[in-house]
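Hello,

Here is the structure I promised to pass on to you. Have a look at it first, and then read on for what turned up in it.

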Amino acid sequence: MNQICKTVIIGDSGVGKTCIIQRFTKGTFNEEQAATVGASFVDCEFKLPNNESYKLRIWDTCGQESFQSIIPMYFRNASCVILVFDVSNFQSFKGIKSWLSIALSSAPESTPVVVLGAKSDLPSVVPESAINDFVRQRGYLYFPVSSKNNTGIKEAFDKISTLAFEKQSSLNEEQEVRIGDEVKKQSDKKCC
Ligand SMILES: Nc1nc2c(ncn2[C@@H]2O[C@H](COP(=O)(O)OP(=O)(O)OP(=O)(O)O)[C@@H](O)[C@H]2O)c(=O)[nH]1
Ligand SMILES: [Mg+2]
């Protein structure tokens, strides 16, 4: 089996989405990272305890407001959403609500959401109580991360990959049931 689990990373422009992916997939950090244009993906392989492997496909998206109108299509069949704000920028924390509502209206039902507070090496201007309220009310996991210092990234992706795999497995089961029902309906029709 080589299951592909799709995850989409979203949040305002400049919060550090691309740097998080680069740190996780390549182990690098670029102070001069250029803004993302459109969207692109990168695959990374994970192993299950039984040694079977699966792929986490991470879609990096552009945080420009103009992109919000085309982003819904990226959530089709998503098995995890990564919501990012910059702990040194309060406006970006306020921004995650609108990104979240776009994600929830387009992603499959009950898609897991993981919230990342990026640039945790910088002084935070977002009160911890506000972050806790946001994630607790919704039952989301939260990780402060720094791509620059390489803190929290591995822990966050260990969890993201597990949640995405579990969600993808349940999506596959639902699809098998639907196909089974369809086959049954077709064979019932043939009967006189
Ligand atoms: N201090 C610090 N700066 C960071 C960190 N991560 C990213 N940055 C800085 O933030 C800039 C923007 O990061 P990007 O990863 O390009 O941001 P983005 O969210 O992908 O932005 P868009 O592609 O425009 O949506 C980078 O060039 C870095 O200078 C971090 O962990 N710590
Ligand atoms: Mg980017």
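Let me begin with one residue: N51 is exposed, because it has 6 other C-beta atoms within 10 Å. For that word, a residue is buried if 20 or more other C-beta atoms lie within 10 Å of its own, exposed if 12 or fewer, and partly exposed in between, with C-beta atoms placed from the backbone. N51 sits in the loop between β2 and β3. Its phi is positive, about 80 degrees, although N51 is not a glycine. As background, most residues other than glycine have a negative phi.

Before you go further, please keep in mind that this is a predicted model: local features need pLDDT of at least 70, side-chain atom pairs count only at pLDDT 80 or more, and totals for chains, interfaces and linings use all residues. Residues are numbered from 1 along each chain as its sequence is written, while chains are lettered from A and ligands numbered from 1 in the order in which they are written. Helices (H or I, at least four residues) and strands (E, at least two) are DSSP runs, numbered from the N terminus.

Two strands pair if DSSP finds at least two bridges between them. Strands β1 (residues 2–10) and β3 (residues 53–61) run parallel and are joined by 8 bridges, with N2 opposite S53 in β3. Strand β2 (residues 39–47) runs antiparallel to β3, and 9 bridges join the two. Here F41 stands opposite W59 in β3. The hairpin of β2 and β3 has 5 residues between the strands, and N51, with its positive phi, belongs to this hairpin. At the other end of the order, β5 and β6 pair in the parallel sense over 4 bridges, and the bridge partner of L116 in β6 is F143.

Contact means that the C-beta atoms of two residues, placed from the backbone, lie within 7 Å.

Which residues of α1 are buried? They are K17, T18, C19, I20, I21, R23 and F24. Helix α1 (residues 17–26) is thus mostly covered, with 7 of its 10 residues buried. Just after α1 comes G27, with a positive phi of about 75 degrees.

R138 is part of α3 (residues 128–138), and R138 is exposed because 11 other C-beta atoms lie within 10 Å. G139 follows α3 and has a positive phi near 70 degrees.

Y140 lies in the loop between α3 and β6. Y140 is partly exposed, because it has 15 other C-beta atoms within 10 Å. Leaving aside residues up to four places away in sequence, Y140 touches V113, V114, V115 and V135. Y140 and V115 are 25 residues apart in sequence, and their C-alpha atoms are 7.0 Å apart in space.

Another positive phi

K119 is found in the loop between β5 (113–118) and α3. Its phi is positive, about 60 degrees, although K119 is not a glycine. Is K119 buried or exposed? K119 is buried, because 25 other C-beta atoms lie within 10 Å.

The ligand

Of the 21 residues around ligand 1, those that come nearest are G16, T18, A35, T36 and G63; a residue is near a molecule or strand if its C-beta atom, placed from the backbone, lies within 6 Å of it. Helix α1 gives the most to this shell, with 3 residues.

Best wishes
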